[in-house]
Amino acid sequence: MLSVEQNERLTRVGPGTPMGELMRRYWFPVATSQDIAENPVRAVRLLGENLTLYKDRQGRLGLIGQRCAHRSVDLKHGIPEQDGLRCPYHGWMYDASGQCIDQPAEDPQHNFASRVQIPGYHVEELGGLIWGYIGPEPAPLLPRWDLFAYDNVFRVVGTTMLPCNWLQAQENSVDTVHTEYMHGAFGVYTMEVLGIDDPAVVSRFQRFVDRHHVKIDFKPVKHGIQKYRLTVGQDETAGSWTAGHPMVFPNYVLIGQPGYKEFQIRVPVDDTTTYHLSYHVYFPGPGVEIPEQTTVPSFEVPIRPYPDYVLGQDIVAWPAQGPIMDRSVEKLAETDRGLIMFRKQLEDNIRLVEAGQDPMNVFRDPAENQCIDLEMEDYGPLLNYTSGYLQHNNAGPFNTAIDVLDGFLAKTAAANKSQRAAEPAQQNL
Amino acid sequence: MLSVEQNERLTQVGPGTPMGELQRRYWHPVAVDRELAENPVKAVRLLGENMTLFKDRQGRLGLVGQRCAHRSVDLKHGIPEQEGLRCPYHGWMYDASGQCVEQPAEDPEHNFASRVQIPGYHVQALGGLIWAYIGPEPAPLLPQWDIFVKENVFRQVGTTMINCNWLQCQENSVDTVHVEWMHGAFAKYALERKGITHDTAVKQTANFMRHHIKLGFERNEFGIQKYRLREGEDEATAPSWNEGHPLVFPNYVLIGGPGREEVQMRVPIDDTTTWHLAYQIYHPAEGVVMPAQETIEPFDVPIEEYPEYVLGQDILAWPSQGLITDRSVEKLAETDRGLIMFRKMLEEQMALVAEGQDPINTFRDASKNVRIDLPVEHYPGLNAYRQGTAVFARGPNNPLERHMDQLMGTVAGTKS
């Protein structure tokens with residue numbers, strides 16, 4: 001349980017708030033590359049601030065203030081040009097630094113443009129996402145976490161705008177036992193509600209029930225908190241108990257299955273809105289060619305009351321805790337000790353920022369930022385794949401690359417299997 | 001740039017506010033008569049006040065308060081009767097003055113009805129619109145602006161409910177150079193986004209993109225006359241430089257074009273909502289007699305993200321300035337001097353009202369209110385029309401296309 005004040009401290013992300021200041025030390029995805037390919041000008045909101053993201057006609061990104069300095073027109077209606085973004089109302093143009101560089105209707109002799117400036121922020125593209133940094137200078141490096149830096153993988157991104165505070169979404173990542181219920185019991189009940197009785201589908205959720213937790217553990221590690229679980233039927237050499245998987249501070253979790261890893265990224269849009277990205281990376285089997293990706297495909301994962309896909313169950317739960325969950329009335333139990341560890345880690349890092357220091361996961365040395373590997377259990381290669389499996393997997397049937405991916409995973413499983421012909425068949429997780 | 005207080009003074013329109021008092025000296029359209037033909041009872045909101053507009057079974061208009069005096073039921077659910085509007089809950093009936101004229105469940109001997117009154121306002125029909133006056137008595141005359149009374153024309157009105165304050169819409173009317181960008185460069189980009197290559201649209205856009213060489217603004221009897229001279233125009237003869245067109249105080253602009261005139265009216269519904277009417281008349285080809293229109297044709301002008309029609313570009317810009325644009329952070333430039341003149345005029349007229357005088361465009365002499373001609377640049381009549389192109393100027397739903405043959409006199413028997 002937290003006091004009302006402690007809860008505010010951990011949840012409010014606007015300028016000048018303690019958590020807002022901590023969050024302003026990190027880069028956040030503000031759009032996907034596909035979004036910008038579809039429309040090169042977008043309204044963006046991050047940490048309670050409104051911004052305009054654009055790509056100029058030379059293909060250079062810009063992230064600037066929401067409104068034109070002249071008459072406050074929203075620059076989401078702007079026209080991308082060779083050298084910047086032009087306001088549609090009177091043609092004032094801004095470069096990526098927010099400097100006004102053209103006022104075509106005004107007398108150039110007055111040179112008024114040179115005295116007009118709107119905010120300009122750091123923006124970069126990596127791994128099919130567009131990233132913004134709106135904190136103090138000097139900006140740290142955009143972290144090249146392994147999933148964004150890998151070569152030769154197939155990527156897709158599912159996105160959802162959640163009507164709740166970021167922290168309840170992220171606390172889910174140090175909440176181990178919810179899988180038995182949210183993905184297990186509620187998943188099985190969803191099958192009943194939806195009238196789905198295909199045993200192959202029902203068993204996908206039933207197995208979350210069957211894997212009752214015997215032991216759980218949490219350890220602070222270099223990049224966040226490592227989570228460990230031992231479930232019924234596993235022995236203590238199981239990867240999920242010996243290696244675990246990480247919550248990456250402050251707002252990611254890394255999960256995996258054979259042949260696949262996924263980041264879930266919770267971007268605080270404002271105090272009561274969270275942009276959720278489910279970022280999937282699929283590894284090819286030997287000799288399997290990666291389907292061509294000029295842009296990483298992205299798609300929306302909707303919130304449905306009875307979702308028959310795993311991520312859908314989580315995104316039902318988080319907004320159901322309230323726009324900003326009231327932690328002054330919660331009743332934490334023994335299995336919630338990961339949450340308590342995480343909240344302490346947040347508080348420690350808020351204090352570091354208050355003391356003028358960099359919090360954890362701020363990178364300034366390019367040599368250490370080539371590919372930042374995150375430790376997790378080795379799920380091994382994909383050996384068995386049933387066509388159509390993805391329909392009920394994390395992002396559900398909304399994945400626009402689902403057919404391409406289905407074929408790719410079938411080939412990958414076959415290639416892995418023939419390489420390992422001597423080994424016993426492995427079950428999908 | 002204005003202070004926060006000055007901005008509030010010019011934008012807030014509720015009862016008792018300085019701008020609200022100025023706006024209460026004018027008649028405002030509250031409905032298109034076609035709407036009442038479809039449903040004779042309509043909820044209306046004007047200057048932050050809620051009202052009920054109705055037409056009784058005798059065809060007489062009434063504009064009364066929103067709620068029944070008895071149990072506050074919203075009279076938009078009322079039943080039109082011979083003598084007024086009846087509340088659906090217990091049958092209390094009101095006449096157009098707001099007087100309760102019947103309480104059928106009560107003992108008539110108590111004569112309670114005679115002591116019950118709700119607000120009643122002035123209401124009149126003109127030019128296919130229903131107009132209301134909710135200010136102090138005596139009410140001025142409903143101005144007979146020429147566009148509403150001209151004969152032998154085709155009329156249509158495009159309407160939009162815009163989610164922003166009225167002033168940013170109206171300031172657009174003294175903002176000359178926006179046409180190069182909003183209707184030029186942005187229109188061109190909208191065509192690019194939508195993949196539209198129709199040469200009428202492309203030419204229209206190129207025409208708007210011509211740069212301004214000179215701008216002029218002049219106070220006149222009715223408001224502010226705007227003048228522009230653009231590349232390729234002759235200073236001695238260009239109608240837009242020599243005659244110009246007017247911002248009609250406080251909330252209209254009149255614009256002309258070949259064979260047509262259009263008044264855009266920005267009706268303040270409340271501080272953050274504006275009802276926009278683009279009221280258009282089209283003059284037929286010479287010798288063509290237009291059949292009388294029983295009711296004018298209303299159509300919806302939608303707010304789209306990349307509109308290829310001129311008004312769509314404006315109604316995109318205004319709400320994007322914010323619900324009430326923050327003028328304490330604007331950066332006005334040299335080309336914004338028309339805005340400054342207009343704001344000064346608003347202040348000056350608010351001061352007149354505060355002193356108990358009539359502001360400009362208040363008409364009380366019936367002999368001067370037969371037809372008030374507004375000065376607008378003269379363009380030649382429409383002499384060519386290509387089917388399918390009305391959309392680029394007037395939006396996707398406008399009925400003009402259906403009437404063009406008649407207007408151009410290509411329907412047998414229309415020429416006299």
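## Crossing helices in chain B

In chain B, helix α6 (residues 178-194) packs against helix α9 (residues 310-320) at an angle of about 100°, and their axes lie 9 Å apart. Helices here are DSSP runs of H or I with at least four residues, strands are runs of E with at least two, and both are numbered from the N terminus. Axes are lines fitted to C-alpha atoms, for helices over the stretch in contact, and angles run from 0 to 180 degrees between N-to-C directions. α6(B) and α9(B) are therefore roughly perpendicular to each other. The angle classes are roughly parallel (under 35 degrees), roughly antiparallel (over 145), roughly perpendicular (65 to 115) and oblique (the rest).

From α6(B) come Met182(B), His183(B), Phe186(B) and Ala187(B). They meet Val310(B), Gln313(B), Asp314(B) and Ala317(B) in α9(B). Two residues are in contact if their C-beta atoms, placed from the backbone, lie within 7 Å. By class, this contact of α6(B) with α9(B) has five nonpolar residues, two polar and one charged. Nonpolar means Ala, Val, Leu, Ile, Met, Phe, Trp, Tyr, Cys and Pro; charged means Asp, Glu, Lys and Arg; the others, Gly among them, are polar.

## Model and numbering

This is a predicted model, where local features need pLDDT of at least 70 and side-chain atom pairs count only at pLDDT 80 or more, while totals for chains, interfaces and linings use all residues. Residues are numbered from 1 along each chain as its sequence is written, and chains are lettered from A and ligands numbered from 1 in the order in which they are written.

## Crossing helices in chain A

In chain A, the axes of helix α6 (residues 178-194) and helix α9 (residues 310-320) cross at roughly 100° and come within 9 Å. That makes α6(A) roughly perpendicular to α9(A). α6(A) brings Met182(A), His183(A), Phe186(A) and Gly187(A) to the contact. α9(A) brings Val310(A), Gln313(A), Asp314(A) and Ala317(A). Four of the contact residues are nonpolar, three are polar and one is charged.

## Two domains in each chain

Chain A splits into domain 1 (27-133) and domain 2 (146-419). The bounds come from an automatic or database domain assignment. The C-alpha centres of these two domains of chain A are 33 Å apart. Their contact takes 15 residues from domain 1 of chain A and 15 residues from domain 2 of chain A. On the domain 1 side, β1 (28-32), α3 (33-38) and β2 (41-46) of chain A each supply at least two residues. α3(A) gives the largest share, four residues. That side of domain 1 of chain A has seven nonpolar, six polar and two charged residues.

Chain B splits into domain 1 (28-133) and domain 2 (146-407). Their C-alpha centres are separated by 33 Å. Here the contact takes 13 residues from domain 1 of chain B and 15 residues from domain 2 of chain B. The domain 1 side in chain B has six nonpolar, four polar and three charged residues.

## Between the chains and in the core

20 residues of chain A are in contact with 22 residues of chain B. The chain A side has eight nonpolar, seven polar and five charged residues.

The largest nonpolar core has 191 residues. Such a core is a set of buried Ala, Val, Leu, Ile, Met, Phe, Trp, Tyr and Cys residues joined through C-beta atoms within 7 Å. Buried means that 20 or more other C-beta atoms lie within 10 Å of the residue's own, with C-beta atoms placed from the backbone. Leu53(A), Leu53(B), Ile130(B) and Ala132(B) have the most contacts inside this core. Its largest share, eight residues, comes from α6(B).

Technical notes
Buried ≥ 20, exposed ≤ 12 C-beta atoms within 10 Å, placed from the backbone.
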